[in-house]
Amino acid sequence: MSGTATLFGANPGVAAADDPLDYCRRIEAYLCQKNGGHLVRVVGPSFEVVSAWQRDGIPLKVACEGVDRAIERAHRKGPRRRPMRIEFCDADVRDVFDQWRRATGVVAASGGAGLSADARRGPSLPEHLERALLRLSSAFATGRVGDAIAPIIDGVSSALDEARAASGGLRGDKRQALLTHLGTLDDRLTAIAGALIPADTRLAFECEVDEELHHFRADMPAERFERARGTALDRKVRVHLGLPVLRFT
């Protein structure tokens, strides 16, 4: 399991989602862990940043994904002489939350700062395919998934070649046909990924998803909530296995 699962356990409950002090304490502990034991207090301006995450309904695990992303990018620039401060993770945390929110179909909490209903501009289709192919190849090479995804890798590679060959970008029926094909590949990848997860791990993920969606459940019809729950679970399985989302919207 990931560092977040080690820190928070399989089902940390909903207290952190409802209690800003507990939420900030857990984020502080996670940041300390990721900083190699260096404690950087979440107080003052840092507390305001993290409290805003809690008010906007950003799940703990999603916030920690954003912290991971910020730290990984900083490490790519070279060794750090100082521990990461939480304020420098804000943009990444909100980006990950926005992706999670769009993927699950939940809406931002009322009054959420900087979280408009309009989706931010994402990558182009070739960029999306390049990133997906890189992650698929990495997961395949490291043995996290079996040979069953080999045809999917071939399909994404062919789609990337087709997208690159269109100098002005794919248009009309050709673009729609490629998007439909990616959706089919994505459904196949979801089924493969789900079959690779042991029952106990899946149960732990279901508990985590229920916690993540707790903040939004009261405002969602039952059918929509179940659909969001399924999507969030699929996303968690993919993150666990290092697999991308192939569907492009």
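Which residues in helix 3 meet which residues in helix 5? That one is settled in the second view, after a look at the whole chain.

**View 1. The whole protein is built from eleven helices and zero strands.** This is a predicted model, where local features need pLDDT of at least 70, side-chain atom pairs count only at pLDDT 80 or more, and totals for chains, interfaces and linings use all residues. Residues are numbered from 1 along each chain as its sequence is written, and side-chain values use heavy atoms, with hydrogens and water left out. Helices here are DSSP runs (H or I, at least four residues) and strands are E runs of at least two, numbered from the N terminus. Read along the sequence, you get α-α-α-α-α-α-α-α-α-α-α. Of the 249 residues, 43% count as buried (under 20% relative accessible area, with exposed over 50% and partly exposed in between, using a 1.4 Å probe and protein chains only). Take the contacts (heavy atoms within 4.5 Å) with a separation of 6 or more: 75% of them come from residues 24 or more positions apart.

**View 2. Helix 3 (residues 20-34) packs with helix 5 at about 30°.** Their axes lie 11 Å apart; axes are lines fitted to C-alpha atoms, for helices over the stretch in contact, and angles run from 0 to 180 degrees between N-to-C directions. The two helices are therefore roughly parallel (angles under 35 degrees; over 145 is roughly antiparallel, 65 to 115 roughly perpendicular and the rest oblique). On the helix 3 side, Tyr 23, Arg 26, Ile 27, Tyr 30, Leu 31 and Lys 34 meet Leu 60, Ala 63, Cys 64, Val 67, Asp 68 and Ile 71 of helix 5. Sort the residues of this contact and you find nine nonpolar, no polar and three charged (Ala, Val, Leu, Ile, Met, Phe, Trp, Tyr, Cys and Pro count as nonpolar, Asp, Glu, Lys and Arg as charged, and the others, Gly among them, as polar).

**View 3. Helix 7 (residues 125-141) and helix 8 (residues 150-165) pack at about 155°, with axes 9 Å apart.** That makes helix 7 roughly antiparallel to helix 8.

**View 4. Helix 9 runs for 25 residues and reaches 37 Å from its first C-alpha to its last.** That is close to the 36 Å expected at 1.5 Å a residue (1.5 Å times one less than the number of residues). Its buried residues include Leu 178, Leu 182, Asp 186 and Leu 189. Helix 7, helix 8 and helix 11 are among the elements that cover the buried residues of helix 9.

**View 5. Helix 11 (residues 222-241) has end C-alpha atoms 29 Å apart.** Its 20 residues should span 28 Å, which agrees. Phe 225, Ala 232, Arg 235 and Leu 241 are among its buried residues, and their cover includes helix 5, helix 6, helix 9 and helix 10. Gly 242 follows helix 11, with a positive phi near 75°.

**View 6. Arg 247 sits in the segment after helix 11.** At 36% relative accessibility, Arg 247 counts as partly exposed. Arg 247 and Asp 187 are 60 residues apart in sequence, and 8.6 Å apart in space, C-alpha to C-alpha. Leaving aside neighbours within four places in sequence, Arg 247 is in contact with His 128, Leu 182, Gly 183, Asp 186 and Asp 187.
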